[in-house]
Amino acid sequence: MLEAYGKTDINQRINEIKVSLKALQFESNKLYSEFEALKKQRSEARKQISALISETRAIRKTRDELTQEVKSEKNKRSELNSQIKEKIISAKVFAPSKKSESSAGQLKHAMSAINQKIETEVISFDKEKALMKQLHKLEKDYANAVKLQAEFKQKKEISDEIRAIRTNADDVHAKVQEKAKLSQEEHQKAVANSKKIDELVKQADELNSAIDEKQKAVDDVNSRLEAKLKELGALSGQIQA
């Protein structure tokens, strides 16, 4: 049996331990709440990282598709520009057009009139000779007029083709610029997301360190709680003995 003084001393120690336990329990609860809050923040950061990675992959896929389309459109534009150059070269084959004084139709009509006159009218030899000379010149002019008319038609067709190809090339060029702009915008989005991911990864690493430190603090408080409870149990046993 303990003496009265001894029991009083033990009871005082028990009361001190209970006060300490209460403080340690409060500290433990506070640390655990902070520990859980840090874990929640880390979880949120990881979710954001995962979402941004998925989003960035989709953005890069879109960007790469647009880049490929730009490349394809550029090839089309290059081919169309080559066609324009070839058409221009083919148009240069024709000599500069000399406008005929009379159309092929007018010359043909004049030739027919002279032929009819020679065949149906009684004319002198000199008159017929003069008409034949005139007819020969008309035939030459007519052949030249027909040639010029054919060349004009071909040049016009080539000019129309060049105009159509150039319009197509301009449309393709507009597509190249638009798709290149969209590709650049997607690239900027990917770059921005990569920066966010790096920041979040850094944040997650800092949270990992903070969680480790908080875990150590929780473990330390729990160890002290366990020691105090063990001491309290021992003292309570002495009181009951």
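Colleague: On the other side of helix 2, which residues are exposed?
Modeller: His 109, Gln 116 and Thr 120 are exposed there, where exposed means over 50% relative accessible area, buried under 20% and partly exposed in between, with a 1.4 Å probe and protein chains only. This is a predicted model, in which local features need pLDDT of at least 70, side-chain atom pairs count only at pLDDT 80 or more, and totals for chains, interfaces and linings use all residues. Residues are numbered from 1 along each chain as its sequence is written, and side-chain values use heavy atoms, with hydrogens and water left out.
Colleague: And which residues of helix 2 are buried?
Modeller: Ala 104, Leu 107, Met 111, Ile 114 and Ile 118 are buried in helix 2. Seen down the helix axis, the buried residues fall within an arc of 90° (taken from the directions from the axis to the C-beta atoms), so they line one face.
Colleague: What covers them?
Modeller: The cover includes helix 3 (125-240); helices are DSSP runs of H or I with at least four residues, and strands are E runs of at least two, numbered from the N terminus.
Colleague: Changing topic, is Thr 56 buried or exposed?
Modeller: Thr 56 counts as buried because its relative accessibility is 3%. Thr 56 belongs to helix 1 (residues 4-92), and its side chain reaches the backbone oxygen of Leu 52 at 2.6 Å.
Colleague: Which residues does Thr 56 contact beyond its neighbours within four places in sequence?
Modeller: Thr 56 is in contact (heavy atoms within 4.5 Å) with Ala 190, Asn 193, Ser 194 and Ile 197.

Definitions and conventions
A polar contact is a pair of N or O atoms within 3.5 Å; within protein, one must be able to donate a hydrogen and the other to accept it, and residues adjacent in sequence count only if both atoms are side-chain atoms.
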